[in-house]
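Subject: Structure handover

Hello,

The structure is below, followed by notes on what was found in it. Please look it over before setting anything up.

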Amino acid sequence: MGTKGRKLLEDMGLNVSQLIETLNKAFADEWLAYYQYWLGAKVAVGIPREAVVAELIQHATDELRHADMLAERIIQLGGTPLMTPKIWYDYTNCGYDAPENPDLRVLLDQNIKGEQCAISVYKKIIDFTKDKDPVTYDIALQILEDELEHEEDLENIKDDIKMMFKK
Ligand code: FE
Ligand code: FE
Ligand code: MG
């Protein structure tokens with residue numbers, strides 16, 4: 001980040017190294033969420049399989065894009081994105097639920113839990129950067145919008161499945 005850019009953030013009272021660490025934790029979450037969705041889409045069984053798989057793949061793509069947005073911002077702030085997958089486990093807020101049970105209802109519940117965790121993570125970043133770092137604030141807001149939509153999509157599918165098997 002340029003000298004003027006960094007001075008601006010420091011003048012606003014932003015703890016830049018703390019922000020970089022927080023963004024790296026979210027970065028670890030995004031990679032793990034990406035992999036959880038990606039692998040879940042491969043192994044999922046149940047009804048309606050195709051609709052659920054399509055949704056899981058779409059969400060995986062979004063999570064990878066979020067990782068990209070975070071990496072770009074970490075670098076702009078003068079930080080380094082976590083360098084090895086091994087460290088993701090040390091940094092993650094939301095963890096990783098392996099899709100060991102391929103029942104798509106179980107996968108949906110695991111991923112809903114992940115989305116709810118992600119929503120709290122981005123809410124915190126929004127609060128941390130509000131009135132201090134409009135650029136990171138805007139990135140976190142964009143990601144939060146996606147995570148809210150993800151949670152809602154998965155919950156809607158769960159409701160549809162309940163309806164389908166009601167009779
Ligand atoms: Fe995400
Ligand atoms: Fe998500
Ligand atoms: Mg969706």
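Is Asp153 buried or exposed? Asp153 is buried, at 18% relative accessibility; buried means under 20% relative accessible area, exposed over 50% and partly exposed in between, with a 1.4 Å probe and protein chains only.

This is a predicted model, in which local features need pLDDT of at least 70 and side-chain atom pairs count only at pLDDT 80 or more, while totals for chains, interfaces and linings use all residues. Residues are numbered from 1 along each chain as its sequence is written, chains are lettered from A and ligands numbered from 1 in the order in which they are written, and side-chain values use heavy atoms, with hydrogens and water left out.

Donors are N, O and S atoms within 2.8 Å of the metal (3.2 Å for Na, K and Ca); water is not among the atoms, so sites may look incomplete. His59 sits in helix H3 (residues 49-76) and Asp153 in helix H6 (residues 134-164), so the pair ties together parts 94 residues apart in sequence. Helices (H or I, at least four residues) are DSSP runs numbered from the N terminus. His59 is buried, at 0% relative accessible area.

Iron site. Glu63 bridges the iron ion (ligand 1) and the iron ion (ligand 2), which lie 3.9 Å apart. Glu63 is in helix H3 and Glu147 in helix H6, so this pair ties together parts 84 residues apart in sequence. Glu63 is buried at 1% relative accessibility, and Glu147 is buried with a relative accessible area of 1%.

Regards

Notes: Helix = DSSP H or I, 4+ residues; strand = E, 2+ residues; numbered from the N terminus.
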